[in-house]
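Subject: Structure handover

Hi,

Here is the structure I said I would pass on. Please load it first, then read my notes below.

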Amino acid sequence: MGAGFSDLLDRNDGRTTLGDLPESCVASIFMYLDPPEICRLARLNRAFRGASSADFVWEPKLPTNYNFLVDKVLGEKTTPEESRLSCRKEIYSRLCAPNCFADDANKMVWLEKSSGKVCVSVSYKAMRITGIDDRRYWTHIPSDESRFKQIAYLQQTWWLEVVGELDDFHFPVGTYTVFFKLQLGKPPAASKRFGAGRRHVSNSDQVHGWGKKPVRFQLSTSNARQTASSSSSSERYLVEQGNWAHYRAGEFTVDDPNSPTKIKFSMMQIDCTHTKGGLCLDSVLVCPKEFGDGGVLMKQL
């Protein structure tokens, strides 16, 4: 079958091949394919490669707020007269890479490659955390398991309170889930983490107190233009040790992509009858609801 397909591309006997298809025809077909499929087919021949760069192919695959995203993270203008990005395909490619906000390196946004859905991550460094600057309670650890290359490790505390927000961000229409990315157990030093044929093992010696009371996760959202607001909360025991896990804080729905949405999220366990410790805090993830528990995005780290 492979040889037959190759013949369709390479025949020199005067018969029509796939390479003879007009670029406009190929591009019309590409409109119904997802981005990875388009990029794979672009390697077949010159006509397919040319068709894969057509703006009308990539325009519908970009999120409706891509102008906002380009300005927010790339500092580019997207009008033909002002843009330094040569085509919509290049814009899509640039936005698929995790990009820090132009005004805040502790917040990132990117597109999920296959769907073009918008995802946002907020580092713990952009949150208000009780006792974060006191080395008796928290330490900052370099980590290549984090998009931000650093995590916070809680040794021990009586009062856990973490509060953060994402303000003035334009999301495309849809429903989004907010997760805290956490791990019970201290990760090994970076130099010991990835030995040949070995998987990292976290140190759980300091993990304690999480089975006595649940952690409360909260989410509130507001939309300035529509003066709409919503809030939700849930309680979860932290039980999974040694692996990063996404703990759901709540969901919110965007109906107007042209109106900024403000999100405020928190996690707390403030029962001072016992101490708790051994917790790693990386970030908060905002992703489309259809991504489930965030596992799709974890694989991209």
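Tyrosine 32 sits in the loop between α2 (23-30) and α3 (35-41). This is a predicted model, so please read everything here as computed. Tyrosine 32 has 75% relative accessibility. That puts tyrosine 32 in the exposed class, because exposed means over 50%. Tyrosine 32 also belongs to a nonpolar surface patch, together with Met31 and Phe56. The accessible area of these three residues together is about 380 Å².

Now a contrast. Is threonine 261 buried or exposed? Threonine 261 is buried, because its relative accessible area is 6% and the cut-off for buried is under 20%. Its place is in strand β12 (residues 261-269).

Next, the charged pairs. How many salt bridges does the structure hold? There are nine. Side chains of opposite charge can pair when their charged atoms come close.

1. Arginine 88 and glutamate 59. The closest N and O atoms are 2.9 Å apart. This pair links distant parts of the chain, 29 residues apart. Arginine 88 is in helix α7 (residues 88-96), and glutamate 59 is in the loop between α5 (55-58) and α6 (66-74). Arginine 88 is buried, at 16% relative accessible area. Glutamate 59 is partly exposed, at 34%.

2. Glutamate 290 and lysine 117. Their side chains meet in a salt bridge at 3.5 Å, N to O. The two residues are 173 residues apart, so this pair also links distant parts of the chain. Glutamate 290 is in the loop between β13 (279-288) and α9 (295-298). Lysine 117 is in the loop between β2 (104-111) and β3 (118-123). Glutamate 290 is exposed, with a relative accessible area of 52%. Lysine 117 counts as partly exposed, at 34%.

3. Arginine 248 and glutamate 251. Here the N to O distance is 3.6 Å. Both ends count as partly exposed: arginine 248 has 35% relative accessibility, and glutamate 251 has 28%.

Best wishes

Terms used:
Residues numbered from 1 in each chain as written. Predicted model: local features only at pLDDT ≥ 70, side-chain atom pairs only at ≥ 80, totals over all residues. Heavy atoms only, no water. Patch = residues over 30% accessible without salt bridge, like charges linked within 9 Å, V, L, I, M, F, W, Y side chains within 5 Å. Areas by Shrake-Rupley, 256 points an atom, 1.4 Å probe, with all protein chains shown as cover. Salt bridge = Lys/Arg side-chain N within 4 Å of Asp/Glu carboxyl O. Helix = DSSP H or I, 4+ residues; strand = E, 2+ residues; numbered from the N terminus. Buried < 20%, exposed > 50% of the residue type's maximum accessible area, 1.4 Å probe, protein only.
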